[in-house]
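Biologist: I am new to reading models like this one. Could you walk me through a few features, one at a time?

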Amino acid sequence: MLMKQLETTSMVLLHHHLKALRLPTITAECEKLARQAAADNADHLTYLLQLCELELLERERKAAERRLKAAHFPTLKSLESFDFSARPSVNRLLIGELARCEYIDRRENVLFVGNPGTGKTHLAISLAMAACSRGYRVRFFRLTELATLLMEARDERGLLGLRARLAKLDLLVLDELGYVPASKIGAELLFDVISSAYERTSLIVTTNLPFESWTEVFGSERLTGATLDRLTHRCQIIETKGESYRLRDAKARISKPATDERGGSAAGREPCQRDTEGGKTSS
Ligand code: ADP
Ligand code: MG
């Protein structure tokens, strides 16, 4: 009876100490694992090691989840769901190497250039997600979104704060450079982000604009030249040549319904279903 009381008291104390030490997984698992260890005749150090491993694994899982959330991806895309055979201009080996993130350690950039629908955003998100899972701090912006944020921050004198947050990143994704020409001030603020990132934070930029047309975005030749200079110095430029994946997909479905037994339902499929199917082609 006294023994039982002692056990309960020490369990209460133990839970209190573990909570103070912020070890939630050990708190949750220690009793179950203790019974297991007793049954297995495991020694104390083995038991302690198991508990520490569980705590670390859970911490890493939570941190990865937080990094993914903090990156603000519009959708999640994986490299596994990218159909490289549909985009022969994209070198699968190079993308695989980039997914290992060594370019981030070298503070290099990646630029995806190509027409709409050719998989630029898909590849950018996949690489950025790979970086998240390796522990890098990542943030994704559509360029117009960042331009707006910068303008707002400027009005609220919050630019310093925003700059400080951007400076903490390992990888910054700027998606869709060139869809909407930025205003003169917006262009200067964007240029400022790109110059501050230079040799400190890696950038992944996607654009449908050939370099000749970048002046339309940045307004002046001087700013365009300076931006391109910083961006493309130590940079992998990847061209996603060819026609839109969605278009190709739709065409394939239209041209094949008679030969495809499930043609009726295939033709009626929503193009966006691709995303959840892992991007398999019907050809
Ligand atoms: P972009 O950014 O070049 O305009 P996206 O990356 O947004 O193009 O691609 C459009 C859609 O087509 C997305 O849903 C994307 O997942 C899909 N997609 C594009 N290329 C491929 C591919 N090679 N394999 C699988 N899905 C692709
Ligand atoms: Mg895109």
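Biologist: Let me start with one residue: does Thr206 count as buried or exposed?

Modeller: The general idea is a share of accessible area: buried means under 20% relative accessible area, exposed over 50%, and partly exposed in between, using a 1.4 Å probe and protein chains only. At 1% relative accessibility, Thr206 counts as buried. This is a predicted model, where local features need pLDDT of at least 70 and side-chain atom pairs count only at pLDDT 80 or more, while totals for chains, interfaces and linings use all residues. Residues are numbered from 1 along each chain as its sequence is written, chains are lettered from A and ligands numbered from 1 in the order in which they are written, and side-chain values use heavy atoms, with hydrogens and water left out.

Biologist: Where is Thr206 placed, and which residues is Thr206 in contact with?

Modeller: Helices (H or I, at least four residues) and strands (E, at least two) are DSSP runs, numbered from the N terminus. Thr206 sits in strand β4. Contact means heavy atoms within 4.5 Å. Setting aside neighbours within four places in sequence, the contacts of Thr206 include Phe112, Lys120, Thr121 and Asp175. A polar contact is a pair of N or O atoms within 3.5 Å; within protein, one must be able to donate a hydrogen and the other to accept it, and residues adjacent in sequence count only if both atoms are side-chain atoms. The side chains of Thr206 and Asp175 make such a contact, at 2.5 Å.

Biologist: And which residues come nearest to ligand 1?

Modeller: A residue is near a molecule if one of its heavy atoms lies within 4 Å of it. There are 15 residues around ligand 1, and Asp83, Gly117, Lys120, Thr121 and His122 come nearest. A nitrogen atom of the ligand is 2.7 Å from a polar backbone atom of Asp83. An oxygen atom of ligand 1 is 2.7 Å from an N or O atom in the side chain of Thr121. Taken alone, ligand 1 exposes 560 Å², and the protein buries 90% of that; such areas come from the Shrake-Rupley method with a 1.4 Å probe, and for residues only the protein chains shown count as cover.

Biologist: Which element gives the largest share of the shell around ligand 1?

Modeller: That is α6, with three residues.

Biologist: Now a helix, please. How many residues has α11, and which of them are buried?

Modeller: An α-helix has 3.6 residues a turn, so residues three or four places apart point the same way. Helix α11 (residues 221-232) has 12 residues. Its buried residues are Leu223, Thr224, Ala226, Thr227, Leu228 and Leu231. Among the elements that cover them are β1 (109-114), α9 (184-197) and β5 (235-240). After α11 comes Arg234, whose phi is positive, near 55 degrees.

Biologist: What does Glu199 touch?

Modeller: Not counting residues up to four places away in sequence, Glu199 touches Arg107, His233 and Arg234. Glu199 lies in the loop between α9 and β4 and counts as partly exposed, at 44% relative accessibility. Glu199 and Arg107 are 92 residues apart in sequence, yet 5.3 Å apart in space, C-alpha to C-alpha.

Biologist: Finally, how many helices and strands has the chain?

Modeller: The chain has 14 helices and five strands, and buried residues make up 39% of its 283 residues.

Definitions and conventions
Expected span 1.5 Å × (residues − 1).
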